[in-house]
Amino acid sequence: MKKQINILILLCLVCSFTLQAQEVITVTGTVLDTENEPLIGVNIAVKDQVNTGTITDLDGNFSIKVVPYSTLIFTYIGYERQEINIADKKVLHVVMKSDNVLDEIVITAAGAQRKVSSTGAITTVDIKN
């Protein structure tokens, strides 16, 4: 009988640690550029977790459920990648910095590629006029 009680107590302890380790918090925030303009469609992923992520809305806002002390990865075309350890923060304000690496990008039906590697007809659109 005493052995069964000890096993039951051990199972309760293991279950409580498992439940405590799976605590999930909701992290919200805003992603802006260096001119305080909201960035639309910034990719936000949880480091080392597959299929866990979100994107920013039209106002640069996001909301994601994560385990405390996770690392969020912010990526956006033309901007430097940022990794932020959230610790126990629930609200983040992220400022993305331009990486100035893009020179010419060609948008195709299959995706984006560099102008040098594209074949076929290319049209340039001048957006200033």
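1. Four strands make up an open sheet, ordered E3-E2-E5-E6, with antiparallel pairing. Strands here are DSSP runs of E, at least two residues long, numbered from the N terminus, and two of them count as paired if DSSP finds at least two bridges between them. At the edges sit strand E3 (53–55) and strand E6 (82–85), each pairing on one side only. Neighbouring strands in this sheet are turned by 20° against each other on average, direction ignored; the angles are taken between N-to-C directions of lines fitted to C-alpha atoms and run from 0 to 180 degrees.

2. Before going further, a word on the source: this is a predicted model, where local features need pLDDT of at least 70 and side-chain atom pairs count only at pLDDT 80 or more, while totals for chains, interfaces and linings use all residues. Residues are numbered from 1 along each chain as its sequence is written, and side-chain values use heavy atoms, with hydrogens and water left out.

3. Have a look at strand E2 (residues 43–46). With E3, strand E2 pairs in the antiparallel sense over three bridges, and Asn43 stands opposite Ile55 in E3. E2 also pairs with strand E5 (residues 71–75), again antiparallel, over four bridges. In that pairing, Val46 faces Leu72 of E5 from the opposite position.

4. The two faces of E2 are worth checking on screen. Ile44 and Val46 lie on the covered face, whereas Asn43 and Ala45 lie on the uncovered one.

5. Next, the turn. The hairpin of E2 and E3 has six residues between the strands, and Asp48 takes a positive phi there, near 65°.

6. Now for the three-stranded sheet. This one is open too, with the order E4-E1-E7 and mixed pairing. Strand E4 (61–66) and strand E7 (91–95) are at the edges with a single partner strand each, so one side of each is left without a neighbour in the sheet. From one strand to the next, the twist averages 25°.

7. Last, the parallel pair in that sheet. Strand E1 (residues 25–32) and E7 run parallel and are joined by five bridges. If you want a landmark, Leu32 stands opposite Val95 in E7.

Definitions and conventions
Buried < 20%, exposed > 50% of the residue type's maximum accessible area, 1.4 Å probe, protein only.
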